[in-house]
Amino acid sequence: MISSPSMEVTDVGDYLKLGACTAVMAQPILTDALASGPSIATQTGIGVVYNLVKYTAPAFIFGILYTTTRLTLNQTALTYTDYLHQQWHALFIPTIWWTAIYLILMPQLQQGSQYHDWRGFLWQFVNGNAAPHLWYNTMMLQFIILMPLFWALGRWCQSRPRRGWIVFGGTTLVAVLWLWFYDQQVFHGPHSRDWYLLNRLFISFQIFGFYGMLAWVFRDTFQRMLNKWWPGLLGLWLVGLIWTNWELFSYGFPVNLRNAPYYKPSMTGYALAVIGLLAALCEIQVRRQRPFSKFVHFFAGMAYKAYLANVFWPELLWRGFGRTLMVKAPWLSIALCYGLTWLLSFTTAFGLHAGWMRLKREYEHD
């Protein structure tokens with residue numbers, strides 16, 4: 001009989017989710033800072049830092065699939081309906097509330113066209129254009145809905161481990177073809193404007209979802225590889241960072257962060273290197289029972305909800321003091337906005353969660 005996996009265990013997914021959430025909060029601030037027209041030197045620094053934290057969506061997807069596979073793969077009593085009910089409360093409801101907040105209170109943050117009627121409102125609501133970061137939610141929730149596919153492949157691989165190489169190879173091949181297609185047709189291609197919604201599709205990040213599932217199914221092999229090859233991952237990380245910056249700055253100045261998309265071989269390799277390094281850090285700290293691992297697990301549980309709030313707060317902070325301070329001390333402005341964004345986003349996440357749980361208990365008691 002297989003025992004139920006514990007939700008209190010710190011795992012690789014926790015490190016990846018918290019690491020991704022912490023890094024992604026810098027992106028809207030760097031975008032605002034760059035739009036203020038800083039010096040060439042400051043633009044260069046912003047470009048480097050932006051590439052440094054440009055692993056966030058892949059790491060979050062890998063982490064979500066790793067942890068979700070750990071918790072659900074062998075729970076045969078868990079029905080798809082029960083699973084969706086859990087995810088509805090954990091992910092879908094916060095997404096709905098925050099999307100409404102952005103569309104109603106901060107409509108200036110919309111991407112693409114603005115809504116003018118209820119049809120446009122609904123379209124912006126579901127397509128990820130309500131705010132700069134909500135494209136990710138539209139894409140990530142597809143992984144949640146498609147979880148039976150990962151269960152089926154994970155169980156198929158468990159029965160015969162060699163099948164894991166088939167899934168690994170097929171996933172890699174699809175990713176290579178996708179990167180080639182995106183480079184030819186979308187990124188500075190003939191469909192750069194009319195096909196921009198492609199980055200909301202599940203296939204865009206499928207490699208990280210399937211890799212996350214495989215990493216749990218073959219966790220012993222995965223950990224042995226990390227323990228042996230982490231110096232190589234460090235080298236790959238450095239090469240990837242240099243490569244991505246060379247590509248970005250090859251377009252000249254002023255720096256345009258649209259020239260640093262996720263869908264490039266350089267970004268894919270860089271993201272995989274960061275994922276491997278964070279996974280190796282997790283293994284070391286959990287094995288040595290470092291107190292920091294408990295902190296990671298605690299905050300990782302609120303990472304998604306903090307992520308939803310992470311554009312709301314910098315918008316207010318930038319208008320409040322960030323834009324003015326940027327003129328005199330650009331890096332101080334960026335650092336203050338970033339630190340306060342992290343603090344306020346997680347405070348909001350924990351506060352709203354506590355309030356919701358209290359209301360739920362009172363409702364159930366009545």
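Predicted model: local features only at pLDDT ≥ 70, side-chain atom pairs only at ≥ 80, totals over all residues.
Colleague: At what angle do the axes of helix α11 and helix α12 cross?
Modeller: Two packed helices are described by the angle between their axes and the distance between the axes. Helices are DSSP runs (H or I, at least four residues), numbered from the N terminus, and axes are lines fitted to C-alpha atoms over the stretch in contact, with angles from 0 to 180 degrees between N-to-C directions. Helix α11 covers residues 219-249 and helix α12 covers residues 265-287. Their axes come within 7 Å and cross at roughly 145°.

Colleague: Is the crossing of α11 and α12 left-handed or right-handed?
Modeller: A crossing is left-handed if the near helix is turned anticlockwise from the far one by less than a right angle, and right-handed if clockwise. By this rule, the crossing of α11 and α12 is left-handed.

Colleague: How many residues of the contact of α11 with α12 are nonpolar?
Modeller: Ala, Val, Leu, Ile, Met, Phe, Trp, Tyr, Cys and Pro count as nonpolar, Asp, Glu, Lys and Arg as charged, and the others, Gly among them, as polar. In the contact of α11 with α12, two residues are charged, seven are polar and 17 are nonpolar.

Colleague: How many residues does the largest nonpolar core have?
Modeller: A nonpolar core is a set of buried Ala, Val, Leu, Ile, Met, Phe, Trp, Tyr and Cys residues joined through side-chain atoms within 4.5 Å. Buried means under 20% relative accessible area, exposed over 50%, and partly exposed in between (1.4 Å probe, protein chains only). In the largest core, the residues with the most contacts inside it are F60, I61, F62, Y102, Y136, M140 and F205. This core has 90 residues.

Colleague: Which residues is F60 in contact with, leaving aside its neighbours within four places in sequence?
Modeller: Contact means heavy atoms within 4.5 Å. F60 is one of the residues with the most contacts inside the largest core. With those neighbours left aside, F60 is in contact with K17, A20, C21, Y136, M140, A303 and Y304.

Colleague: Which residue forms a salt bridge with R70?
Modeller: A salt bridge is a side-chain nitrogen of Lys or Arg within 4 Å of a carboxyl oxygen of Asp or Glu, and the count comes to five. R70 lies in helix α4 (residues 56-72), and its partner, 59 residues apart, is in the segment before α1 (12-24). Both residues are buried. The closest N and O atoms are 2.8 Å apart, and the partner of R70 is D11.

Colleague: Why does the pair of E247 and K264 tie together parts that are apart in sequence?
Modeller: The side chains of E247 and K264 meet in a salt bridge at 2.8 Å, N to O, and both residues are buried. E247 lies in helix α11 and K264 in the loop between α11 and α12, so the pair joins parts whose separation in sequence is 17 residues.

Colleague: How far apart in space are T68 and W216, C-alpha to C-alpha?
Modeller: T68 is in helix α4 and counts as buried because its relative accessibility is 12%. Along the sequence, T68 and W216 are 148 residues apart. In space, their C-alpha distance is 9.5 Å.

Colleague: Is H188 buried or exposed?
Modeller: H188 lies in the loop between α9 (163-185) and α10. Its phi is near 55°, a positive value in a residue other than glycine. With 54% relative accessibility, H188 counts as exposed.

Key. Residues numbered from 1 in each chain as written. Heavy atoms only, no water. Helix = DSSP H or I, 4+ residues; strand = E, 2+ residues; numbered from the N terminus.
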